[in-house]
Amino acid sequence: MGGIASIAHRDDDDAIIARLIESIVDDDAVIAEREASKIVSMAAALRIAKKHAASQPISVQMRELEERSIAAEIGLATRVNDRAVQNRMHAALELVDGYTATLDALAESRISARHAMVIVETGRALQDADARAMYEATVLERALRDTAPRTKAFAEQVVEELHPRSITERHREAVKTRTVWMQRRGDSMSELGIITPTVLAEGIWDRITQQAHETKTVQVARPADDADADDDAVYDERNLDQIRADIAIDLLLTGGPTIDPTTGAISGPAGGLAAIHARASIVIPAVTAAGLADRGATLDGAIPVDADTARCLLAQAPSWERVFTHPIHGHVLATDTYRRPANLDRYLAARDIHCRFPGCRRPARVCDRDHNHDWALGGTTDACNLACLCKRHHTLKTEKPWKPVQQRDGSIRWTSPLGRVSTDPPERYVIFRDEPDPPPGDPPF
Ligand SMILES: [Zn+2]
C-alpha cells in the first residue's frame, strides 16, 4: 500500500465521519424536540387525571387510581410498565410547571431530555420558588455546555448553597428516607443495600470488619506453596471481603431484632420476629433436581439460580417451597415434593409466576388471587377463572373498568377503559409445543 493512497483513504474516512457526526447531531436535535413534545403530553395527561380526581368526593387512594389507570393506558400503548409511566408523568408535570426555561431549552434542542430530568430531580430538594428560579438559571447555564452527569454534580452543589435549612434540620428529614433495597446483578448474584444514618453505617461496617479480622486470625489459611499443605487440614480460603459478607448474611438470616414489638420483649433471637424465616420459591426442572442436568433452576420462576444452590435448598430446608416442571414441555407437574398439588393456590402461583396485569413482574407469592369474572356475579373458583394480581393492579381492576377475560390456555385478554386490548399469555419455562396447562389435581407423574 503506497503512502499517498493511504493518506487519500484516510481523508475520505475523515470526511465520512464528519458527515456522520453532523447526522448524529441533527438526529439528537429532532429527538430533543420530540422529547419536549412528549413531556408536554405526559404532563397534560396527568393534569386531566388530577382534574377527574378533584371533581369527585373520594378518598386519597381513589384519587390516585385515576392517575394509575391513565398511566396504565399509556403503558399499554407504549409497552412500558405503568409504575414507570406514572413516575415520568409526575416529572413531566414538574418540568412543565416549574422549569419553563429548561423546557424551552429542550424544545430548542439546546439540552437533552437527560439534562432536563437531572435539573428536575436534583431541584426537588428546593421548595422556595425564588431559590428554585435561581437554581434553574445557574444549572441550566452549565447544562448548555456540559454532560448530564457533570451537570448533576454541579446541580447538587448549587442545591447545597441555596438550601435554607441547616444540616441538623435536613438530617432529621433525611432519616425518613432510610430503606433497604435489593437489585439483581446476574450470574445468580444480587446486591443488597441499606440507606441508614452515616453513624450507624460506620458502626455496622466496623463491627463486621472486626469480626472478619478475628475470624481470619483463628482460621488457618492455605500455605502459599501447595507442597506445604496438609491434606487433612481444613483451610479457610476466603478473603476479608468474603468473610465480611458471610458474617453480614448470617446475621441477617438467623439473628433476631433486639427490640421485638410483637412480644414486647427486649431480648435475643427466640420467638416473635426471630421466629420468622426466609421464604422463596425455587422452580427446578426434575432432571436438575435429580442431579442429571445443571440447567433451568429459577427463583420465583424468573431469576436464574445455579443448580448447586437449588439442589442444596431442595435437600435441606423446610421453609423453601418446591415446584416441579416437566423436563420436555415445561408445564407444571406438581407443587411440593412427591405429592399431588397441595391446593389451587400453589398451582396458580406456579402457572402465573408473576402478576398477570400487562407488563407487571411482581412475584406470584406476594399477589392476590383474583376472580377474573367476579365471584359475586357467578364467576367460579377454579384455575380457569383465577389469576394472580398484585395489590396495585388488583385494586385498579376492582375500582376501574379494566376487564380481564381468561382464555382456555390461561392467556388473559385485557380490555382497558379506553377499549385498548392486550393479551397476556401464561409463562412457559420451555416452549416446544402448544398444549394447555394440565388442570390442578391431575399431575401426570
Ligand atoms: Zn401487578
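Predicted model: local features only at pLDDT ≥ 70, side-chain atom pairs only at ≥ 80, totals over all residues.
I'll start with helix 1, which covers residues 3-54. One is nonpolar, about 450 Å², and is made by Ile16, Ile17, Leu20, Ile21 and Val25. Valine 25 lies in helix 1 and counts as exposed, because its relative accessibility is 52% and the cut-off for exposed is over 50%. The other patch is negative, formed by Glu22, Asp26, Asp27 and Asp28. Aspartate 27 is also found in helix 1. Its relative accessibility is 45%, so aspartate 27 counts as partly exposed.

Next, the hairpin. Strand 1, residues 179-186, and strand 2, residues 189-195, run antiparallel and are joined by 7 bridges. Glycine 186 stands opposite methionine 189 in strand 2. The hairpin has 2 residues between the strands, and aspartate 187 takes a positive phi near 55° there.

At 30% relative accessibility, serine 109 counts as partly exposed. Isoleucine 353 is not a glycine either, and has a positive phi of about 65°. Isoleucine 353 sits in the loop between helix 13 (344-352) and strand 10 (368-371). Is isoleucine 353 buried or exposed? It is buried, because its relative accessible area is 5% and buried means under 20%.

Histidine 373 is in the loop between strand 10 and strand 11 (386-389), and is partly exposed at 42% relative accessibility. Histidine 373 and valine 405 are 32 residues apart in sequence, and their C-alpha atoms are 7.3 Å apart in space.

Now the salt bridges. How many does the structure hold? It holds 20.

Glutamate 64 is partly exposed at 28% relative accessibility, whereas arginine 68 is buried with a relative accessible area of 13%.

The next pair is arginine 124 with glutamate 94, with closest N and O atoms 2.8 Å apart. This pair links distant parts of the chain, 30 residues apart: arginine 124 is in the loop between helix 5 and helix 6 (129-143), and glutamate 94 is in helix 3, residues 82-98. Arginine 124 is partly exposed at 37% relative accessibility, and glutamate 94 is partly exposed with a relative accessible area of 21%.

The last pair is arginine 356 with aspartate 424, whose side chains meet at 2.6 Å, N to O. Arginine 356 lies in the loop between helix 13 and strand 10, and aspartate 424 in strand 14, residues 421-424, so the pair ties together parts that are 68 residues apart in sequence. Both arginine 356 and aspartate 424 are buried. Salt bridges that share partners join Arg351, Asp352, Arg356 and Asp424 into one network.

That is the end of my list.

Conventions:
Residues numbered from 1 in each chain as written. Heavy atoms only, no water. Patch = residues over 30% accessible without salt bridge, like charges linked within 9 Å, V, L, I, M, F, W, Y side chains within 5 Å. Areas by Shrake-Rupley, 256 points an atom, 1.4 Å probe, with all protein chains shown as cover. Salt bridge = Lys/Arg side-chain N within 4 Å of Asp/Glu carboxyl O. Lys, Arg positive; Asp, Glu negative; His and termini not counted. Charge placed at Lys NZ, Arg CZ, Asp CG, Glu CD. Helix = DSSP H or I, 4+ residues; strand = E, 2+ residues; numbered from the N terminus. Buried < 20%, exposed > 50% of the residue type's maximum accessible area, 1.4 Å probe, protein only. Pairing = 2+ DSSP bridges.
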